[in-house]
Amino acid sequence: MRPNPVVENALALPRVAKTLLAARAFDKSAVPPHATPGQSQFNMRSSMNLDPRLGKSLSKLSFRKASGEAWKLADPGSSRFIDVTEVDQAAAGVQRDGFYVFQKTVDPSISTAIREFAEQAPCIARGGDGAPAIYPRSAPQVGRYDLEETTGLQCPEVQEFAADPAMALIAQKYLGQPVVMDEIAFWWTTTQRAEDANLNAQMFHQDRDRLSFLKFFIFLTDVTPETGPHVYLKGSHRKIPWGLRKDGRISDESVRAAGLWQNVVELFGPAGTVMAVDTIGLHKGKTPTAGDRLALESEFSTSLFGNDYERPQFTPTDLVRERFAAMPWVLQRYSESMTR
Ligand SMILES: O=C(O)CCC(=O)C(=O)O
């Protein structure tokens, strides 16, 4: 049944007010709470039905505690992932389209090191029995294999990606607030079990884990239209028709029926391609048909309010220790690991 905008608005408004109060209380806490109550998470996700830009407005009204220190970053010119001359262009590109594909691709030695690491690290088969095992690259059984953040952080180049100051700068510029690196995701997608598209985020959806955030993806295998591009509905970070606004999966047919298919863009490129994507807009992975894809993603958000977050334990490289010293607010989830 198509959502009725009047009913949806009426239901969402009290949840907006509750979200604002809960987000402010979270922000005022002396140290960031370890988790956000489930009801507040529900209210936040539900209120985001109203408009894809709502979260950013609520964030600006709620998260004010971060001081001048929180804006401090390590030298963005030291990034090996982003050419610092592309920073403003990237922030403007995301503002306009909801995504930006960087012209610079990463040195192959970096993408190869991360891929070789992922080929021998334990990962979890989605829809499998949950036991971590090395990715069976020659004979995958399911459509998606996820590496945990703690596992990924055993790779120095993944740590470097997670602590990238140029990405943090772009997120600050785009979101207009200080940011925290709040999540690393790292996963293989395969040609198997296309029927699990819902489970594997291969149907359109909005990310609603936080109020205001920006994601960076790097492809670590060559990605073509047949090997799992990232798919984005251009402009949907600003505007989504009522019929497509919900906290769940949306079919290609619904996007076509809304007359928006001409705005659907497939993002792909050689290993080492980096993209900034505001995944409050409608997006999905495309199920590969001709080979697997390895992607690594980091998210910068304006607060840890929202989805449960991790404080992974790992042994930082000297570079990441230096970056933590320069931008402790951004890398605050890693503070406990810095004393190891
Ligand atoms: O695989 C992709 O390109 C997108 C994945 C995604 O949207 C998700 O994990 O939520």
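Which residues in H1 meet Leu58, Leu61 and Ser62 in H3? The legends below take this contact as the opening view of a predicted model.

**View 1. Helix H1 (residues 5–28) packs against helix H3 (residues 54–62).** Thr19, Leu20, Ala23, Arg24 and Asp27 are the H1 residues that meet Leu58, Leu61 and Ser62 of H3. By class, this contact holds four nonpolar, two polar and two charged residues. The helix axes lie 9 Å apart, at an angle of about 45 degrees. Angles from 65 to 115 degrees count as roughly perpendicular and those under 35 as roughly parallel, so H1 and H3 are oblique to each other. The crossing of H1 past H3 is right-handed.

**View 2. Eight strands make up an open sheet.** The order is E1-E9-E6-E11-E5-E4-E2-E3, and the pairing is antiparallel. Strand E1 (99–101) and strand E3 (133–134) are the edge strands, each pairing on one side only.

**View 3. Strand E11 (residues 293–301) is largely enclosed by the rest of the structure.** Why is it described this way? Eight of its nine residues are buried. E11 runs antiparallel to strand E5 (residues 180–189), and nine bridges join the two. E11 also pairs with strand E6 (residues 213–219), again in the antiparallel sense, over seven bridges. Glu299 of E11 stands opposite Glu183. Lys215 stands opposite Glu299 as well. Next to these, Phe300 of E11 is the bridge partner of Leu214.

**View 4. Strand E9 (274–277) pairs with E1 and with E6.** Three bridges join E9 to E1, and the two strands run antiparallel. Between E6 and E9 there are four bridges, also in the antiparallel sense. Which residue of E9 is the bridge partner of Tyr100? The partner is Ala276. Ala276 is also the bridge partner of Phe216. Val274 and Ala276 point one way from E9, while Met275 and Val277 point the other way. All four of these E9 residues are buried.

**View 5. Helix H4 lies across E1, E6 and E9.** The helix spans residues 87–97. H4 runs at about 135 degrees to E1. Arg96 has its place in this helix.

**View 6. Three strands form an open sheet in the order E8-E7-E10.** The pairing is antiparallel. Strand E8 (264–267) and strand E10 (283–285) are the edges, and each pairs on one side only. From one strand to the next, the twist averages 20 degrees. Strand E7 (residues 230–233) pairs with E8 in the antiparallel sense over four bridges.

Technical notes. Residues are numbered from 1 along each chain as its sequence is written. This is a predicted model: local features need pLDDT of at least 70, side-chain atom pairs count only at pLDDT 80 or more; totals for chains, interfaces and linings use all residues. A residue is buried if 20 or more other C-beta atoms lie within 10 Å of its own, exposed if 12 or fewer, and partly exposed in between; C-beta atoms are placed from the backbone. Two strands pair if DSSP finds at least two bridges between them. Axes are lines fitted to C-alpha atoms, for helices over the stretch in contact, and angles run from 0 to 180 degrees between N-to-C directions. Angles under 35 degrees count as roughly parallel, over 145 as roughly antiparallel, 65 to 115 as roughly perpendicular and the rest as oblique. A crossing is left-handed if the near helix is turned anticlockwise from the far one by less than a right angle, and right-handed if clockwise. Two residues are in contact if their C-beta atoms, placed from the backbone, lie within 7 Å. Ala, Val, Leu, Ile, Met, Phe, Trp, Tyr, Cys and Pro count as nonpolar, Asp, Glu, Lys and Arg as charged, and the others, Gly among them, as polar.
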